[in-house]
Amino acid sequence: MSQPKIKRRVDKYEVGGTIGEEAFAKVKFARNSEPSDSVALKILDKGKVLKHKMDEH
């Protein structure tokens, strides 16, 4: 299986394409630029979280 293309950087991570979606978040492929480890980043939609009062969870 090929890895998704890298699109942008966030801190020390090179963030690629979306690999999954949830109600309040997207899960994106990322690679740590230091040891070159592959990881998944969960990116929350802050507006939806606050709107549904889920910030304590």
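The model is predicted. In it, Lys28 lies in strand S3, which spans residues 25-32. Lys28 is buried but has no salt bridge.

**Lys28 and its surroundings**
- A salt bridge needs a side-chain nitrogen within 4 Å of a carboxyl oxygen.
- The Lys28 side chain does make a polar contact, at 3.1 Å, with the side chain of Thr18.

**Strand pairing**
- Strand S2 covers residues 13-21 and runs antiparallel to strand S1, residues 8-10. Three bridges join S1 and S2.
- Arg9 sits opposite Glu14 in S2.
- S1 and S2 form a hairpin with two residues between them. Asp11, in that turn, has a positive phi of about 55°.
- S2 also pairs with S3, again antiparallel, over six bridges. Val15 has Ala30 of S3 as its bridge partner.
- Three residues link S2 to S3 in a hairpin.

**Whole chain**
- The protein chain has four strands and one helix. Their order from the N terminus is β-β-β-β-α.
- The chain has 57 residues, and 19% of them are buried.
- Of the contacts between residues at least 6 apart in sequence, 17% join residues at least 24 apart.
- The accessible surface is about 4700 Å². Carbon and sulfur atoms account for 50% of that surface.

Notes. Residues numbered from 1 in each chain as written. Predicted model: local features only at pLDDT ≥ 70, side-chain atom pairs only at ≥ 80, totals over all residues. Heavy atoms only, no water. Buried < 20%, exposed > 50% of the residue type's maximum accessible area, 1.4 Å probe, protein only. Lys, Arg positive; Asp, Glu negative; His and termini not counted. Polar contact = N/O pair within 3.5 Å; in protein donor to acceptor, adjacent residues only side chain to side chain. Contact = heavy atoms within 4.5 Å. Areas by Shrake-Rupley, 256 points an atom, 1.4 Å probe, with all protein chains shown as cover. Pairing = 2+ DSSP bridges.
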